[in-house]
Amino acid sequence: MLAALALAGCSPAHEGGRAATGTALATDGIQSSGTVGNAHARVGEIWYFALPVPYNSSSKPIEIKEVAVEHIPSGIRVLEYGAYDLNDTEGLPILAREGDSYTPEFAKLKNYATHPVKVAAGKESGVFYLAKMKITAPPEDTARDCRFAYEQGGRAYAQTLDCELELKVSEVAEQ
């Protein structure tokens, strides 16, 4: 169940086939500085990385249509994107390894990514997005730059927020 949704192809807001650069999302959230990560990851593991929780700082509502981590390094493959209610996960799991006792069972939760997520003006979303990633080889770099594609007032926008994930495969973990 791939959760990344495609933008409508022929929206009047697309200029030359591209969405305008948006400014509705706040850029100073909890994940806007610093790097989350793990220094003892292993090849083959699956990790869940939460993108910044959308906060609509504008005076008009938005509908988020698609999210993506823009820079995915060699050694990491995105399996899917999901959108989950913060109440269902008892808070924001910024980084979680599949199978750990504290990791929510995302497969059993409602995934809201199949429809646009609405965020009211001046409000934080109750739904957060995450990337399900698999380590295929020791990562060459960090995963970073979280892009949100949304509509506001009938226009399509894309906005990239700061986010960064570093998964290191330790020598002990590779054996």
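1. Two strands count as paired if DSSP finds at least two bridges between them. Strands are DSSP runs (E, at least two residues), numbered from the N terminus.

2. This is a predicted model: local features need pLDDT of at least 70, side-chain atom pairs count only at pLDDT 80 or more, and totals for chains, interfaces and linings use all residues. Residues are numbered from 1 along each chain as its sequence is written, and side-chain values use heavy atoms, with hydrogens and water left out.

3. An open sheet is formed by 4 strands. Their order is β6-β10-β3-β7, with antiparallel pairing. The edges are β6 (76-85) and β7 (95-97). Each has a single partner strand, so one side of each lacks a neighbour in the sheet. From one strand to the next, the twist averages 25° (axes are lines fitted to C-alpha atoms; angles run from 0 to 180 degrees between N-to-C directions).

4. Look next at β6 and β10 (residues 127-135). They pair antiparallel over 9 bridges. Y81 has A131 in β10 as its bridge partner.

5. The largest nonpolar core has 34 residues. Such a core is a set of buried Ala, Val, Leu, Ile, Met, Phe, Trp, Tyr and Cys residues joined through side-chain atoms within 4.5 Å; buried means under 20% relative accessible area (1.4 Å probe, protein chains only). V69 and F148 have the most contacts inside this core. Strands supplying at least two residues each include β3 (46-50), β5 (62-71) and β11 (143-152). β12 gives the most, with 6 residues.

6. F148 touches (heavy atoms within 4.5 Å) L25, I64, Y129 and L161, among others, not counting residues up to four places away in sequence.

7. A second, separate core has 8 residues, including A50, V53, F106 and L130.

Key: Buried means under 20% relative accessible area, exposed over 50%, partly exposed in between (1.4 Å probe, protein chains only).
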